[in-house]
Amino acid sequence: MSKFRTVVAVIIMILCGVAGLFLGATLNNAIGGCILGVLISGIACIIYVLDNQDKK
């Protein structure tokens, strides 16, 4: 299950990076939008994993 969470987190970050790239391009800052999208989605994935850890 841990590998699945990692793969899903990476896919989400890639998709948010692409979306941020296009959104940032409309605001004349494509790389900034890409970085911001990846940063926000990465932090959200980290918080999700910390809140939903398996109790052993």
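**How much accessible surface does the protein have, and what share of it belongs to carbon and sulfur atoms?** The accessible surface comes to about 4,500 Å². Of this, 75% belongs to carbon and sulfur atoms. Areas come from the Shrake-Rupley method with a 1.4 Å probe; for residues, only the protein chains shown count as cover. This is a predicted model, in which local features need pLDDT of at least 70 and side-chain atom pairs count only at pLDDT 80 or more, while totals for chains, interfaces and linings use all residues. Residues are numbered from 1 along each chain as its sequence is written, and side-chain values use heavy atoms, with hydrogens and water left out.

View 1. Helices (H or I, at least four residues) and strands (E, at least two) are DSSP runs, numbered from the N terminus. Buried residues make up 16% of the 56. Buried means under 20% relative accessible area, exposed over 50%, partly exposed in between (1.4 Å probe, protein chains only).

**View 2. Helix α1 covers residues 2-26.** Its 25 residues should span 36 Å at 1.5 Å a residue, and the end C-alpha atoms are 36 Å apart, which agrees. (The expected span is 1.5 Å times one less than the number of residues.) A9, G17, G20 and G24 are the buried residues of α1. They pack against α2 (30-51). Just after α1, N28 takes a positive phi of about 65 degrees.

**View 3. S41 sits in helix α2.** S41 is buried, at 6% relative accessible area. A polar atom of the S41 side chain lies 3.1 Å from the backbone oxygen of V38. (A polar contact is a pair of N or O atoms within 3.5 Å; within protein, one must be able to donate a hydrogen and the other to accept it, and residues adjacent in sequence count only if both atoms are side-chain atoms.) Neighbours within four places in sequence aside, S41 is in contact with I12, M13 and C16. Contact means heavy atoms within 4.5 Å.

**View 4. A44 also belongs to helix α2.** A44 is partly exposed, with a relative accessible area of 45%. G33 and A44 are eleven residues apart in sequence. Their C-alpha atoms are 16 Å apart in space.
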